[in-house]
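Here is a briefing on one protein model. Keep the sequence and the 3D view side by side as you read.

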Amino acid sequence: MIYAGIDIGSITAKAALIKNNRLLGTHVIMTGYDPINAGIKVFDALLKQSRISKTQISAIISTGYGRASVSFADKALTEIICHGTGAHFMNPEIRGIIDVGGQDSKAIFLDQNGQVENFAMNDKCAAGTGRFLEVMAKALEVDLELLGDFSLAADKPSKISSICTVFAESEVISMIAKQERRENIIAGIHESAAARVAILANKIKIKKPVMMTGGVAKNKGMVNSLENRLGFKLIVGDLAQENGAIGAAVLASKL
Amino acid sequence: MSDKLSEKRKIKSAKKMRDIMTTYYLDAMTAGQNNKQIAWITSGGPVEPLVAMDIIPIYPENHGAMIGASKMGEDLCIKAEDMGYSSDLCSYARADISCSVVKGGPIGGLPEPDMLICCNNICGTVLKWYEVQARFYNVPLFILDTPICHTRYSPEIAKYVQAQIDEYIAFLEKVTKRKFNYEKMAEVGRLAFEAQLLWQKVLNTTAHKPSPMSAFDAFFFLALIVTLRGTKIAVDFYKELLGEMEQRIKDGISMVPNEKYRLLWDNLPVWYQLKWLSQKFSDHNACLVADTYTSAWCGAIQYTNKDNFIGSIAEAYTRIYLNIGVDQMAGQVLDMIKFYNADGLVMHSNRSCKPYSFGQMDIMKIVREKTNLPVLMIEADMVDPRNFSQSQVETRIDAFMEIIKQKND
C-alpha cells in the first residue's frame, strides 16, 4: 500500500510517498499563483519520478495553506499535526518542533507518542518567517539560498531593532547606505528573525530534542542564530522542507 | 429533510427579541417628542437608577456590537482615524465617536444624549471616550470610579464607591429636576435581579448535552439583559426564552447538529465573523457552550440584595468579572469549564479590549496546568476586521480541533 502527502505552502509545494512505513520519495516545486495547479503538478512529478501510477495510491492527505485546494485528497489536515507526525516518523525521540515556513512560523510540543500537545504560531505579522528573509534577500541582492553562507562569514552582526518586516527593510536599506558589510547585515537579519521564533518556542516551554522543519531550516545562518538564542542544538534533517508532506503521507496510511 | 432540521434548530424567540430591540430604539429615537430624556451609559454601568427615573438608557457599546455585526466597523474606524484618533484605540470607541459626527452605522447614529453615565468597571478607555462625547454633545457627564478588587472588596473601596452612588442619585435629580423615587427604584431593582437570575438560568441550560444553544446565540440574546435590565419586558422575555430552551432539551434539539466537543469562549465576540466562526466550529462538531462575556451580566448577582437593591449597587457593580484579579478570573473560568464540561478553551485576544485581553496568557497557563485541556488563542478585534486574518485563524482552529479529536477519540 502506497500513501501520499501533499503540502501546499505559500511559497513551495511539497509531495511525499510512503510504502510499508518507509519513505519512497519526495518532490518540491514553487507554488506560484495557482495552488490548485501546484498540487496536481507536484503530485504528478513525484509519481513520475518514483515510477508509480495514480491507481497504486491508496490514500492522500493534503496540508499547508493550500490544503483545501487539493480536490483529489481524501482529507485535509493542518500543517501542525502533519509536522508533528512527520518529525515523529523521522525520529521518534523528537519532543519539540520549530517550523519556519514562508508565511508563518510555529513551535510545536509533542508528547512521547508523537501527538501534538500544544503549539504556538506567529501573530498576524511576517516578521520571523521565510517571507521576511525573502524580502531582505531582495533588498540586499543576494540569492535566498545564499543568505546562510553570507551570514556565517559575518564578524559583527548588525543590530536590526524593528520587528516589523516593512520597517526592518527600511532599516536594512539605511544600513546599506552606511556601507555596513552585507554579511553583518544578513547575520543581523537572522538574529532578528530568530528572536521572534524563539519567543514561540519559549511560550510553550518546548522540550528537547527539538527538530527544525520547513524551508527556512535549509538556511544555516538562521539555524545558527536560533541555536544561539535558544541555547541548545537543533536537529535538522535533509528533508526538513518536506517534513509536512511526509507527515501527511504517514497520516494518510492511518486513514 | 435537512432544511426542515435546520428550521427546527432555529430559536423561535429570536424574532421576538428583534422586535423588542426595534421598539426600544424607536422609543429612544422619539424620546424628545415624549418629553423623555436619554442617558448614554457604559455597558457595565448601574442602569437601574436611570430606569427608576424614567430615563431611556442607551448603550454605545451595544451600538458598537451592531456596527460590527453589520460589517460597518472598518469604515467607521477609518473615519475616526481620519479625525486623528489612533488605530490602537478601542474599535467601539472609534466607531462611536465617528458615528456621532457622520450619523452613519446601521441605524443612522444613536439618539442624542441628555447626559452621559460612565463607569470604569469595564475599562479605562471609557473615561476619555465619554469626555470626548460630553464635549461633542455639550451635556453633563457623571463618572463612577470603581477601583479594581485585586483580592477583595475592602471597606475603603465600599465607602468610596457608596459615596459616588449617592452623588450619582444627586446628579440624576439635578439633571432631571425631579426627586429620586426610591419606591420605584426598589421595584426596578427586583426586576433587574429577577432578569439576571433568569439570564443565568438560560445560560445554565447549555450544561445539558447536547446543548440547546451556543455562545453565538448567547451573544445575540444578551442584548436585553444589557439594555432593558430593570424592566418587566426583560423578565418576561427571558422567562419565555428559558421555556424554549427547556423545551428544546426535552425534544432533544441541539444547536450544533452532531455535538461531540464542547468548548468555552473567552472575551468579546468577533462581531463581523460570527457566522463564519460558528460554522467553522460546527463543521468540527464542536459547540461553544458557554463564554465569560455573556455571563458577566449576571456574574455579580451574589453581591446583589434584591430587597435592598440600591444599597447593594456599589458592591455588585464593583466586583464584576473585568474588575477583579486575574487569579479570581481564572477561578471563574475553571468553574465554568467544570460546570459546562468543556473539552477546551478558546481565547480571543482582542486588540480593542485591553482589560479583557491583558491577563489571558496567565489564565491560559493556569487552565492548562489545572486541567491539561487544550487552549487556543485567536488574535482578532471585536469590530475592526483589519485585525483579523481568516486563513491564519482557520489554521489555528483546525489544528486546535485536531488536537482535541486526538485527545478524545
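Which residue caps the N-terminal end of α9(B)? Asn181(B) does, with a side-chain oxygen 3.1 Å from the backbone nitrogen of Glu183(B). Bear in mind that this is a predicted model.

**Helix α9 of chain B**
- Helix α9 covers residues 182-204 of chain B.
- Its 23 residues should span 33 Å at 1.5 Å a residue, and the end C-alpha atoms are 33 Å apart, so the two values agree.
- Its buried residues include Met185(B), Leu191(B), Phe193(B), Gln196(B) and Trp199(B).
- The buried residues of α9(B) pack against α3 (48-52), α10, α11 (232-251) and α13 (309-318) of chain B.

**Nonpolar cores**
- The largest nonpolar core has 173 residues.
- Tyr92(B), Ile117(B), Trp199(B) and Phe281(B) have the most contacts inside this core.
- Helix α10 (residues 215-227) of chain B gives the most to this core, with 10 residues.
- Beyond its neighbours within four places in sequence, Tyr92(B) is in contact with several residues, among them Glu61(B), Trp129(B), Trp271(B) and Met382(B).
- A second, separate core has 38 residues, including Phe132(A) and Met222(A).

**Domains of chain B**
- Domain 1 is 8-181, and domain 2 is 207-216 + 251-408.
- The centres of the two domains, taken over C-alpha atoms, are 24 Å apart.
- In domain 1, 44 residues are in contact with 35 residues of domain 2.
- The two domains bury about 3200 Å² between them, and carbon and sulfur atoms give 58% of that area.
- On the domain 1 side, Arg9(B), Asn121(B) and Tyr153(B) lose the most area to domain 2, together 19% of what that side buries.

How values were computed. Residues numbered from 1 in each chain as written. Chains lettered and ligands numbered in written order. Predicted model: local features only at pLDDT ≥ 70, side-chain atom pairs only at ≥ 80, totals over all residues. Heavy atoms only, no water. Core = buried A, V, L, I, M, F, W, Y, C linked by side-chain atoms within 4.5 Å. Buried < 20%, exposed > 50% of the residue type's maximum accessible area, 1.4 Å probe, protein only. Helix = DSSP H or I, 4+ residues; strand = E, 2+ residues; numbered from the N terminus. Contact = heavy atoms within 4.5 Å. Expected span 1.5 Å × (residues − 1). Polar contact = N/O pair within 3.5 Å; in protein donor to acceptor, adjacent residues only side chain to side chain. Domains from an automatic or database assignment. Buried area = accessible area lost by both parts, 1.4 Å probe.
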